[in-house]
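Welcome! Take a moment to look over the sequence and the 3D view before reading on.

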Amino acid sequence: MPGEPFDQRDGRIWYDGNLVEWSGVTLHVLSHALHYASAVFEGERVYGGRIFKLTEHTRRLFHSAKTLDMKIPYSVEDIDSACEETVQANNIVDGYVRPIAWRGSEMMGVSAQDAFIHLAIATWEWPSYFDPAERLKGIRLMMSPWRRPAPDTIPCDTKSAGLYMICTLSKHEAERTGYADSLMLDYRGQVSEATGANVFFIRDGVIHTPTPDCFLDGITRRTVIYLAGRCGFEVVERAIMPEEMANFSECFLTGTAVEVTPVSQIGEYSFTPGCITETLMDKYLTEVQPESDATAAAE
Ligand code: PMP
């Protein structure tokens, strides 16, 4: 069952430079973004009133926009402040932040050189309900029939709307057949990622994760690699073939939304969430707290 529709909530949205009433935000049906997927966005989490790795997310938003030939009419600092202002204006303590930039309705056609680049930021409460025992049971994934495309077929290192077409299709099929998510292979048949999260595997105490050469190198992924290193675990980034999944004992996903989520099954392969996964879940949850991030920055 869907919750409260997203266009009928209370609060304020930062829209092209101003905080406006949530219900007053509109988008014309002839917006270029709606027809041609010219939109880039971010997904950020607020922990204890503070956005985790805010500037990294904002920089990625600008990278995505630049790659899509969209010039955001603000600076990274402006958008960092705007995200913080929006979180404060909505009194969000533990939540989610969604900045999005898109081409407007000045031009309707494939070419939109002079279309205005809009930017909006919305935020909502979304606590991380963390019951380690429950989470350690792991989630089940199916194998997606869709493949991550090659780098010369789509701007694959961006967080842009067009890349999510196959993610939504994969996730729908997974949910319809009783799975939580879906694992996608890439155009070469190598393991890539889930529909909105990166994937890690463990074998004989060593952590393995696919090299992000055709999918998003997640901010959580990088944080977990850093934390694993700090714990003394070896992390190997390499090409992983799907058959190798038979030999891994643990598996988990990483992402802003899923944080560190253990996986118990991918298609025909089973995993038993164990102590490395548990340690990283725990370290990540500590790392995102406002106090610990400030400590890490000072290190
Ligand atoms: N891959 C995809 C397709 C995603 O949507 C996300 C979520 N942004 C990730 C990976 C993980 O990225 P991050 O850790 O930066 O949230």
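## The ligand and some aromatic rings

The ligand takes up the space of the largest pocket. Keep in mind that this is a predicted model.

Who are the ligand's neighbours? It is surrounded by 14 residues, and the closest are Tyr-164, Glu-193, Ile-219, Thr-220 and Thr-256. Sorted by class, this shell has four nonpolar, seven polar and three charged residues.

How much of the ligand's surface does the protein bury? Taken alone, the ligand exposes 380 Å², and the protein buries 95% of that.

Now let us turn to the aromatic rings. The structure holds eleven aromatic pairs. A pair of this kind is described by the distance of the ring centres and the angle of the planes.

One of the pairs joins Tyr-47 and Phe-52, with ring centres 6.4 Å apart. Their planes stand at 90°, which is over 60 degrees, so the pair counts as edge-to-face.

Are these two residues buried or exposed? Tyr-47 has 5% relative accessibility and therefore counts as buried, because the cut-off is under 20%. Phe-52 is buried as well, with a relative accessible area of 4%.

Another pair is made by Tyr-96 and Trp-124.

Conventions
Residues numbered from 1 in each chain as written. Predicted model: local features only at pLDDT ≥ 70, side-chain atom pairs only at ≥ 80, totals over all residues. Heavy atoms only, no water. Near = heavy atom within 4 Å. Areas by Shrake-Rupley, 256 points an atom, 1.4 Å probe, with all protein chains shown as cover. 1 Å grid on protein atoms, 1.4 Å probe; cavity = no way out; pocket = protein on both sides within 12 Å on 5 of 7 lines; lining within 4 Å. Sits in = over half its atoms within 2 Å of the grid points. Nonpolar A, V, L, I, M, F, W, Y, C, P; charged D, E, K, R; others polar. Phe/Tyr/Trp six-rings, centres within 6.5 Å; stacked < 30°, edge-to-face > 60°. Buried < 20%, exposed > 50% of the residue type's maximum accessible area, 1.4 Å probe, protein only.
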